[in-house]
Amino acid sequence: MFGRSRSWVGGGHGKAARSIHSLDHLKYMYHILTKNTTVTDHNRNLLVETIRSITEILIWGDQNDSSVFDFFLEKNMFVFFLNILRQKSGRYVCVQLLQTLNILFENISHETSLYYLLSNNYVNSIIVHKFDFSDEEIMAYYISFLKTLSLKLNNHTVHFFYNEHTNDFALYTEAIKFFNHPESMVRIAVRTITLNVYKVDNQPMLHYIRDKTAVPYFSNLVWFIGSHVIELDNCVQTDEEHRNRGKLSDLVAEHLDHLHYLNDILIINCEFLNDVLTDHLLNRLFLPLYVYSLVNQDKGGERPKISLQVSLYLLSQVFLIIHYAPLVNSLAEVILNGDLSVFSSKVEQDIQKNSAKSSIRCFIKPTETLERSLEINKQKGKKRMQKRPNYKNVGEEDEEERGSEDNQDDLDKSKGTEASSKGIRTSSENEEIEMVIMERCKLSELSISAVTEQNTTDEEKSAAASGSEITNWNRPFLDMVYNALDCPEDDYYALFVLCLLYAMSHNKGLDSVKLERIQLPAQHAEERNSYNHVLAERLIRIMNYAAQPDGKIRLATLELGCLLLKQLVFSKNGRIIKSVHLHCLEGAREESVHLLRRFYKGEEIFLDMFEDEYRSMTMKPMNVEYLMMDASILLPPTGTPLTGIDFVKRLPCGDVERTRRAIRVFFMLRSLSLHLQGEPETQLPLTREGDLIKADDVLDLNNSDLIACTVITKDGGQVQRFLAVDIYQMSLVEPDIARLGWGVVKFAGLLQDMQVTGVEDDSRALNIIIHKPASSPHSKPFPILQATFIFADHIRCIIAKQRLAKGRIQARRTKMQRIAALLDLPVQPSTEVMGFGHSSGAAAQHLPFRFYDQSRRGSSDPTVQRSVFASVDKVPGNVDFHLQSQRKKYFEVFIWYKV
């Protein structure tokens, strides 16, 4: 839609191309325009090419010759562009003219040249021209032209677009008319234009936007967002079979775009615009639609409602994205301490007696369209140039509106001139913007403070946080939060509640005092000695449900619950969890151990799954922001992978996924238990990177079994190496020239990830492939070594194959024994496999490498060279002689094996 036709700026090459970039050629183009003032079928193509050439010359003149713009301004050549446009010469000419103008303003770099083009108000005449916007190509180039102009806005150029005397701002008012255009790229361009306008620090222009356009635009924008939300809710209600996830994902992405756009407006920090926007968002969208739907699921009422899961989901997005303090504090106050009386008409009337300028909380459609409202305000502006309406009363009776305007005008006269800096309000504006929600929250604050200021116990504080001690004050929204966390059947709503609590506690604009009333600590809370017992018990109950064999708790819910519990019971001075809750948590951990025992098997797949799940969990911790961008969690939890939903966001399917889930539950609860008890993890992971041999390590090869071989890589490279086998690894080493009997590791890989096969036509060769440990269970294995090993004879080849195969078996067996120890299962003593046994001291002497042995030098040891073998005896004499005679050459060592 936004594609351009052929590239022409810059033209061709050579002398002919350079000759058209001149003042003389511009004069020739001017002569053509004077001879073709009327567009016909015969000269249409000529005029289009002439406009293109003029634009190209102007861009060239901007960088090379200022006289080009002098001539352009002197001859008033922009008039020809406007004249061609006004003749309704057809789609082709309009598209080409908009395209060339867009390219022209994109490439102008000097302010003087820009002033020349913007003078005489011709650009504004093009902006207000009535194009055929049903043509999507014209629409695309037009909105792109407006966006390009908005990028040129600053304190100097804004005067070319905003006419303070006529009170007109065509660039802004024409752009916002397309805020609800069906094409998403047009809507995005409109948002960009408005943000570029709001960033300009010009007080008369900003006051014009507030007085003439803010209420119509924001009220229609809020209605547009709410309509999308209702459509999203309908999609969720009618798509229980996951058949229309594409449309649902688009609607969620659109809502996220809206929230980011609203946040972009708020962080510009123009206070009087923020006040208008905050008022409309709270009283026309968030409270009457999002919050009201939390406890009112009766679809038969007069007020529009959305489902509970959608309401919680969208509120979580609001607190994750928007951090504007007045907005998020007012919204959180209602959720945590409000009741349904904030929506009753009686209370509204009582409040309006104290604040006549308050809004009624209701999600309703604006009485006029945006275009009609702008036209009405424009006509009123011509009659009353010095008056501005009270934006709170737009849409009321004319007499009331006239009275409020007169009052506001008197206040303006008494205050004198406006504040000079952007975002500074007068005292009358502060009263005007006062939120209704703050009136409703006073009773809640007094009730909660009366409890918290007394010398109460932790239990009394927790009861106060849950609302059980305040009989005279009902908090249905907070009760809904606690009730949703009790989820023995499924965690459909519990996941959204946890996301909401997480988002509120991590919101930078939210006052920590509001969270402390329910003892929910903020991300960087001060030191404290109590926590919300009710919330902690609900979280521990979720963990108990997750550890049951038939538990319906998804892994995402469990991980988020663990994060919140850590945040809840930890303070700056350490953990403050009570012993009874710690014992309950230990019970859940024991349940997870018993659950995993049911799936413990001696098969190879269990070890791979165990390590893959641990690696995946540690490498990719939960990101709540990404979780809340996934539309699939809005649908009822499913247990089939055919939907394409990530494993942690759905229920398991089949024995393999149930095993994976049991492993994850075990890891999470074990990590949480150790964290709350202040104990370090000493048994996981099964393979520690610090204990593994790495490339370029220098090892003591004395009294070790080495097999010389030639390694032919996949790309045809050929090197001589010595093969050594450890408990967990195989290594390829070469002799260290500096020290006799030592070697430098050139490659090291895990035995458990190795595949060894013979070569049919060569009894001395083996094909060896070692895969890199997968980052996720579904990732494709990536080979880090794929080569052919050629040995001196078939005997050494057989020995190498046996040692690698038996070493792989022993490595996996050792790790399975460590898993059994984690699960408190009896460990079966392993028999010796090719020198790998641990049953006796004599057998231990045959271990080729030390592993997890305290006598081994760690990575922190300043000595780079290290011995990793069990014996320090010298090598046999014939080998010693061979090393001494050829220590500076590449050599082979032949070791006599006991077969």
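The dialogue below works through a helix pair, the cysteines and one glutamine in a predicted model.

Trainee: At what angle do helix H29 and helix H32 pack, and how far apart are their axes?

Mentor: Angles over 145 degrees count as roughly antiparallel. Here helix H29, residues 579–597, and helix H32, residues 654–677, pack at an angle of about 150°, with their axes 9 Å apart, and H29 and H32 are therefore roughly antiparallel to each other. The crossing of the two helices is left-handed.

Trainee: Which residues of H29 and H32 make the contact?

Mentor: On the H29 side they include Leu582, Leu585, Arg589 and Leu596, while H32 contributes, among others, Ile663, Phe666, Leu669 and Arg670. Sorted by class, the contact of H29 with H32 has 13 nonpolar, three polar and four charged residues.

Trainee: How many disulfides does the count come to?

Mentor: A disulfide is taken to be a pair of cysteine sulfur atoms within 2.5 Å, and by this rule the count comes to zero.

Trainee: Is cysteine 487 buried or exposed, and how does cysteine 362 count?

Mentor: Buried means under 20% relative accessible area, exposed means over 50%, and partly exposed lies in between. Cysteine 487 has 3% relative accessibility and therefore counts as buried, whereas cysteine 362, at 21%, counts as partly exposed.

Trainee: Where is glutamine 203 found?

Mentor: Glutamine 203 is found in helix H12, which spans residues 203–237, and with a relative accessible area of 10% this glutamine is buried. Its C-alpha atom is separated by 9.9 Å from that of asparagine 155, although glutamine 203 and asparagine 155 are 48 residues apart along the chain.

Methods:
Residues numbered from 1 in each chain as written. Predicted model: local features only at pLDDT ≥ 70, side-chain atom pairs only at ≥ 80, totals over all residues. Heavy atoms only, no water. Axes fitted to C-alpha atoms, helices over the stretch in contact; angles between N-to-C directions. Helix = DSSP H or I, 4+ residues; strand = E, 2+ residues; numbered from the N terminus. Parallel < 35°, antiparallel > 145°, perpendicular 65-115°, else oblique. Left-handed = near helix turned anticlockwise from the far one by under 90°. Contact = heavy atoms within 4.5 Å. Nonpolar A, V, L, I, M, F, W, Y, C, P; charged D, E, K, R; others polar. Buried < 20%, exposed > 50% of the residue type's maximum accessible area, 1.4 Å probe, protein only.
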